[in-house]
Amino acid sequence: MLGPRPTMAGPAETNHAPLTAPGATRAMEAVLERVLEDRLRQARETDAVFARETADRVAAFVRRGGKRLRTAFVWCGWRAAGGSGDTGAVLRTGAALELLQACALIHDDVMDGSPLRRGAAAMHVDFARDHPAGPAGGSAGPFGTSAAVLAGDLALAWADDLLTETALASPYGARLHEEWRAMRTEMVAGQYRDLRAQASGSSGAEEALTIAVLKSARYTVARPLALGAALAGADARTVGALRAAGRCAGLAFQLRDDLLGAFGDPALTGKPADEDLRSRKLTPLLAAAVRLAEAAGDRDAAAVLAPDADARPGHTVDRMRAALERTGARAEVEARIADLAATGVRHFEATGAAPGVRREFAALVERASGLAPRHAEEFV
């Protein structure tokens, strides 16, 4: 059992001021930078080539950022549960989540064959470009894939080390570690169900929902809220309200991501806009479109959206987008996002959190779910 140890926080990790969620996110960046510098130093001491070609790449990927939403949700969970004072454990937990996210994205891009991430070449593509060709060096593709798997493993190791250090220094370390352990298992389960659905050609709505919840919804919102609550020693009522809020808000986030995967602008999202459609990845959006097409007798839409449809080049993706619009699937998912976001905010209010924290959570949910902001003034 993980028990309390003296806290070893540095100056950037200790802040007794009443931070906001954006303030916590900015403070987490400083903590993350300190962690990366420490891990890179250890990598250089281990092996110079490994440090230069792998560890440096992982650090650069993490530094390129992302939405950094998970830290803000950790903070919201901590504050909703009565957390105050030293924010060191909250910030370090947020940094660990960013490292875990790097692992998830690197491995996800390998499995999906995605060429782009965060506006740059995906990790396996970047490694392949620098393939050290030799007489028996093999081809660049397999090298890039294998190296990227190792890079993702390294990010996971860094994340686990940081979370473990944080848990050992916290009086609530056992609870923190249990939430982390469950989250990692859910992530793997969701990724496997995603792979399995693609291999089997599934288009079922229930399976699509299961994948969305396991792979993203819990990991993005529900577990970060619970991690923050664990650091404050939350009672069962508060944890229950946070879990309910996180499930709804997290699913709203994933549904928005599905829409961006089909209709988004790569210049804004940093990833291809037609990848999910070309691969016919099972999402609640696609499952809704198939259901609606079949109910309306729209044979053309059903045919172009079917898992076994010909993936002919040219206008196939455009036809799929048109089908998503024509069947009403896009509009249905938009409406569901709004409903889920509102329900998530209501569940969060049941924690009894202070009004300012409730407003910040609502602003975060709006941001994550891509809704028109009503609380923008609270998130600056």
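Predicted model: local features only at pLDDT ≥ 70, side-chain atom pairs only at ≥ 80, totals over all residues.
**Close-up 1. G240, a partly exposed residue with a relative accessible area of 36%, lies in helix α9, which covers residues 236–263.** Residues are numbered from 1 along each chain as its sequence is written, and side-chain values use heavy atoms, with hydrogens and water left out. The C-alpha atom of G240 is separated by 9.2 Å from that of A226, which is 14 residues away along the chain.

**Close-up 2. The protein as a whole has 16 helices and two strands.** Of the 380 residues of the protein, 52% count as buried. Among contacts, meaning heavy atoms within 4.5 Å, that have a separation of 6 or more, 75% are accounted for by residues 24 or more positions apart.

**Close-up 3. Helices α9 and α16 (residues 355–369) cross at roughly 30 degrees, and their axes come within 8 Å.** Two packed helices are described by the angle between their axes and the distance between the axes. The axes are lines fitted to C-alpha atoms, for helices over the stretch in contact, and the angles run from 0 to 180 degrees between N-to-C directions. The crossing angle therefore makes α9 roughly parallel to α16, on a scale where angles under 35 degrees count as roughly parallel, over 145 as roughly antiparallel, 65 to 115 as roughly perpendicular and the rest as oblique. On the α9 side the contact is made by A245, A249, A252, F253 and R256, and on the α16 side by F361, V365, A368 and S369. By class, these residues divide into seven nonpolar, one polar and one charged, where Ala, Val, Leu, Ile, Met, Phe, Trp, Tyr, Cys and Pro count as nonpolar, Asp, Glu, Lys and Arg as charged, and the others, Gly among them, as polar.

**Close-up 4. Helices α3 and α8 (residues 205–231) pack at an angle of about 45 degrees, with their axes 6 Å apart.** The two helices are therefore oblique to each other, and their crossing is right-handed. A crossing is called right-handed if the near helix is turned clockwise from the far one by less than a right angle, and left-handed if anticlockwise. From α3 the contact draws on R70, F73, V74, C76, G77 and W78, and from α8 on Y219, T220, V221, P224, L225, G228, A229 and L231. The residues of this contact comprise ten nonpolar, three polar and one charged.

**Close-up 5. Helix α4 (residues 88–112) meets helix α6 (residues 140–168) at a crossing angle of roughly 165 degrees, with the axes coming within 8 Å.** The pair is therefore roughly antiparallel, and the crossing is left-handed. The contact of α4 with α6 has 18 nonpolar, five polar and three charged residues. In helix α6, A148 is buried, with a relative accessible area of 0%. Residues up to four places away in sequence aside, A148 touches I106, H107, V110, M123, H124 and F127. The C-alpha atoms of A148 and H124 are separated by 4.9 Å, although these residues are 24 positions apart along the chain.

**Close-up 6. Helix α2 (residues 48–63) bends by about 30 degrees at A55.** The bend at a residue is the angle between axes fitted to the seven residues ending there and the seven starting there. Buried in α2 are A51, T54, A55, R57, V58, A59, F61 and V62, and what covers them includes α1 (21–46), α4, β1 (116–117), α5 (123–129) and α6. In the loop between α2 and α3 (69–80) lies R68, which has a positive phi of about 55 degrees although it is not a glycine. At 6% relative accessibility, R68 counts as buried.

**Close-up 7. L19 sits in the segment before α1 and is buried, with a relative accessible area of 17%.** Leaving aside neighbours within four places in sequence, L19 is in contact with A24, W75 and T87. L19 and W75 are 56 residues apart in sequence, and their C-alpha atoms are 9.1 Å apart in space.

Key:
Helix = DSSP H or I, 4+ residues; strand = E, 2+ residues; numbered from the N terminus. Buried < 20%, exposed > 50% of the residue type's maximum accessible area, 1.4 Å probe, protein only.
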